[in-house]
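Take a look at the model below.

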Amino acid sequence: MWKKISLIIFICIPTILLAQSFEIVQKPIIWNEDRERLSLEYLRDRHGMIQDRATIVPAMVVVHWTANNSVEKTFDLFNPVELPGRPELTKASKLNVSSQYVIDRDGTIYQFLADTTFARHTIGLNYCAIGIENIGSERNPLTKEQLIANEKLIRSLVKKYPIKYMLGHVEYYQLRETSVWKEADPNYITFKIDPGHVFMYKLRKRLKDLKLQEKLF
Ligand SMILES: [Zn+2]
């Protein structure tokens, strides 16, 4: 009997340790009735989806950079429920932009929203995409630590959800002509370069074994 129990402990403990081998710092942005209402309106008006709760079934990860230089600035940007300006976005919805995760330059992973909570970060794909923001920009390319942290995080998300696709925001246009794309206005599109083709090439190389498709055709 004890032999059996110790064998189970011997087998299970390393698996648990492996599954939790990195830390995620919880740093929740405001999620209240107003944010949920605006998210439900976004789901209905932009994605054509009527839901009771503003949740997603993650099928995709979209990788971004923030174009600013700190987690605090990103938090302050995403925390308000409504967009403070950005007329090219406000006419589509008043809901503020956000993402589920933000990764600092030293590789620290912050979680702003639950994995299955709706976040506005990628036109046409928010209803099924988990957003990972990285602190950096064209002038401040993403770091090796961020590359490693993205790999760890994406591997853990793929284990939990039916995620089939991983793409950089710079690549999102590729999905416009596919059935995954859900956006009411065919002309609602913004030009994106984040997080850079080089970073996506390196990330894809590290995640090759997961066979995540970046295109559907
Ligand atoms: Zn982006």
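**From a strand residue to the zinc site**

Q26 lies in strand 1, which spans residues 24-26. The model is a predicted one. Is Q26 buried or exposed? Its relative accessibility is 52%, so Q26 counts as exposed, the cut-off being over 50%. The side chain of Q26 has a partner: it makes a polar contact with the side chain of Q111, at 3.1 Å. Y101 is 75 residues away from Q26 along the chain, yet their C-alpha atoms are separated by 9.4 Å.

Now turn to strand 5, residues 129-134. This strand is mostly covered, with six of its six residues buried. Its residues point two ways. A129, G131 and E133 point one way, while I130, I132 and N134 point the other. Both sets are buried.

Which strands pair with strand 5? One is strand 2 (residues 60-63), which pairs with strand 5 in the parallel sense over four bridges. Within that pairing, M60 has A129 as its bridge partner. Another is strand 3 (residues 101-103), which also runs parallel to strand 5 and is joined to it by three bridges. Here I103 stands opposite N134.

Next comes the metal. Which residues coordinate the zinc ion? They are H64 through ND1, H169 through ND1 and D194 through OD, at 2.0 to 2.1 Å. In sequence, these donor residues follow the spacing H-x104-H-x24-D. The cut-off for buried is under 20%.

Finally, step back to the whole protein. Its secondary structure comes to six helices and six strands. From the N terminus on, the elements run α-β-α-β-α-α-β-β-β-α-β-α. The chain has 217 residues, of which 48% count as buried. Consider contacts between residues at least 6 apart in sequence: 76% of them join residues at least 24 apart. The protein exposes about 11,800 Å², and carbon and sulfur atoms supply 57% of that area.

Methods:
Residues numbered from 1 in each chain as written. Predicted model: local features only at pLDDT ≥ 70, side-chain atom pairs only at ≥ 80, totals over all residues. Heavy atoms only, no water. Helix = DSSP H or I, 4+ residues; strand = E, 2+ residues; numbered from the N terminus. Buried < 20%, exposed > 50% of the residue type's maximum accessible area, 1.4 Å probe, protein only. Contact = heavy atoms within 4.5 Å. Areas by Shrake-Rupley, 256 points an atom, 1.4 Å probe, with all protein chains shown as cover. Polar contact = N/O pair within 3.5 Å; in protein donor to acceptor, adjacent residues only side chain to side chain. Pairing = 2+ DSSP bridges. Donors = N, O, S within 2.8 Å, 3.2 Å for Na, K, Ca; no water.
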